[in-house]
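Thanks for asking me to look this one over.

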Amino acid sequence: MSEVQGKAFDLKLLGRVLEFMKPYRIIFWLTALLTIVLGFMAPIRPALIQKGLDEQVMVEKDAIMLHAHAIFPDQSEAWFEQLAIHIDASREDNLLEIIIWIFVLLFFEAFLQFFQTYYANWIGQSVTLDLRNKLYRHVTGFRLKYFDNTPIGTLVTRVVSDIDGIAQIFSQGLLTIIGDILKLVVVVVVMFYINWQLALIVLIPIPILVIATRIFKNAIKKAFTQVRNQVARSNAFVQEHVTGMNIVQIFNREKQEMKKFETINKAHRRANIHSIWAYAIFFPVVEMLSATSVALLLWLGLKQSLPENPGGLAVSYGNLVQYILYVFMLYRPIRQLADHFNTLQMGIVNAHRVFNVLDRTNNHIKEGHLENRVFKGNIRFEKVWFAYTDENFVLKEVTFHIKAGEMLAFVGATGAGKSSVINILSRFYEYQKGSIEIDGNDLRDHKISTIRKNIAVVLQDVFLFSDTIHNNITLHDPNISREQVTEAAKAVGAHDFIMKMPGGYDYDVRERGGMLSTGQRQLIAFIRAYVYNPGILILDEATSNIDTESELLIQRAIRQLTRGRTSIVIAHRLSTIQQADRIVVLD
């Protein structure tokens, strides 16, 4: 599987993601405002602590008392004792006031942080909801040729995992990065405003941190891309092999397939270890540089504030504590910034993958303009050429005409093109040359929804969803009632076996209809076609893998279904095609 790297940071791609944010722009700007407010509030708590230490707690009572004796030499000792008590009480009151303000600030920050986090994640999930719906709708419009060439697990990764990564652009990427950068700028400005010498001391290790962050960012981006590729590879392998587990077990290939999975799993582990290795180096480096800033601050700050060094920096103990808190406020966002920037990058890489699928318009079937038509069933093929790949034509100059209400059977060797005829008639694939008409109108002039509504196909391999029998028949179409389903089941002779199931029509057939026999699944497919009342019915080897008893029921169902409607039957059994008006042999 080729890796999808994308650009290191693609602003154009980010802009496309932000287009999906427009319906929620009010919430987005509100969240951005909360982020800005939180950024400006960051330096307040350390300033309050410094104020408590320097102006309230560390007040030199002895110095005040000495000045008071010099100014008021005539006062009594009792007066001076009352002054000392008043100083202590005032100091305690001021300290309590500052503590209360700190707690109020903490609760206010927590309040704002809750809404900022909640709305950032809400926007991310809302955007991914819309994007996932659009992607799924887009994929369902692809020609079958796209699914022939694309592993299902890869598409599952695009629709699920990659879009979850895009959600992190909002929850842990863009707004978080803005908040971190704003907090850094505000803290640095406040530090320089209060004491530029101490600010310079704190920032001494920053150049090393910038270099380390850049190295980490590049390493983790590469590692994350490898992880995403390995996840897609693992999904594709597991999806394919779980679906085909019966083949694996029938041919005793468990050990060999397990070895393949172990190889893929080891590659997935290596990719994750690369990212862990980068984190394991970067985070200790950040902690070491943070500790270095604190050590320099204490050493130079305390040294300059000693009494024997009156020409120093005039640093108080409150300033030292304040700047130590600023150090932690400075390094934590820087450490998180690298992580969040990589999250943003990976979101961009995921968006690159998703938009690659969304931009595949050449895989879409070209829509016609005729809609809401009810097909009578006149079909005409005129010199039709068709190839699945390049110029390897399966059908060459095929010409035939089916009148409304006729039953036409196709027989021929495997690979002669029988299924290809119905594939292009249903517009699952596009023919290259010639023309196909339904009721006198070119096939390509009809809307896809009109074609699919008027043509029902019963395949040899019936696919049933993990759902009830009723829902597998109606495919959750609210216009089809339970009475219609019951009537159709009785018409094709399947009502009795359904009612023997626990729950009857509400019986869950499990994944791919695993709880039913091949013949029972085939009868469900006939009921499904019957309730949709199509103008054209196609049976593709619908009786090839069933027992004699089921065949009798299905023959009855075929007679019921084909009565009065245009039918195309592909079969090897004579019993299936003996009622056909004409038989076409493809060689």
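1. A definition to begin with: a residue is called buried under 20% relative accessible area, exposed over 50%, and partly exposed in between, using a 1.4 Å probe and protein chains only. Glu-430, at 16% relative accessibility, therefore counts as buried.

2. Some ground rules. This is a predicted model, in which local features need pLDDT of at least 70 and side-chain atom pairs count only at pLDDT 80 or more, while totals for chains, interfaces and linings use all residues. Residues are numbered from 1 along each chain as its sequence is written, and side-chain values use heavy atoms, with hydrogens and water left out.

3. The overall picture. There are 20 helices and 9 strands in the chain; these are DSSP runs numbered from the N terminus, with helices being H or I of at least four residues and strands E of at least two. Of the 587 residues, 46% are buried. Contact here means heavy atoms within 4.5 Å. Among the contacts with a separation of 6 or more, 81% are between residues 24 or more positions apart. The accessible surface of the chain is about 31300 Å², and carbon and sulfur atoms hold 59% of that; areas come from the Shrake-Rupley method with a 1.4 Å probe, and for residues only the protein chains shown count as cover.

4. The parallel sheet. Five strands make an open sheet in the order S6-S7-S8-S3-S9, and the pairing is parallel. Strands pair, by the rule used here, if DSSP finds at least two bridges between them. At the edges are strand S6 (455-458) and strand S9 (582-586), each of which pairs on one side only. From one strand to the next, the twist averages 15°. If you want a place to start looking, S6 and strand S7 (residues 536-540) are joined in the parallel sense by 4 bridges, and Ile-455 has Ile-536 in S7 as its bridge partner.

5. Helices on that sheet. Helix H18 (residues 518-531) lies across S6 and S7, at about 175° to S6. Angles run from 0 to 180 degrees between N-to-C directions, with axes being lines fitted to C-alpha atoms, for helices over the stretch in contact. Helix H13 (residues 418-425) lies across strand S3 (407-412), S6, S7, strand S8 (566-570) and S9, and its angle to S8 is about 145°.

6. Strand S4 (residues 433-438) and S5 run antiparallel and are joined by 2 bridges, with Asn-441 in S5 as the bridge partner of Ile-438.

7. Salt bridges across the chain. A salt bridge is a side-chain nitrogen of Lys or Arg within 4 Å of a carboxyl oxygen of Asp or Glu, and by this rule the count is 11. One of them joins Asp-359 and Arg-16 at 3.0 Å, N to O. This pair links distant parts of the chain, 343 residues apart: Asp-359 is in the loop between helix H12 (317-358) and strand S1 (379-387), and Arg-16 is in helix H1 (residues 11-19). Asp-359 is partly exposed, with a relative accessible area of 42%. Arg-16 is partly exposed as well, at 30%.

8. Another pair to check. Glu-406 and Arg-582 form a salt bridge, also at 3.0 Å, N to O. Glu-406 is in the loop between strand S2 (393-402) and S3, whereas Arg-582 is in strand S9, 176 residues apart. Buried or partly exposed: which is Glu-406? Glu-406 counts as buried at 17% relative accessibility, while Arg-582 is partly exposed at 34%.

9. A salt-bridge network. The closest N and O atoms of Arg-427 and Glu-430 are 2.7 Å apart, in a salt bridge. Through shared partners, Arg-427, Glu-430 and Arg-444 are joined into one network. Arg-427 is buried, at 2% relative accessibility.
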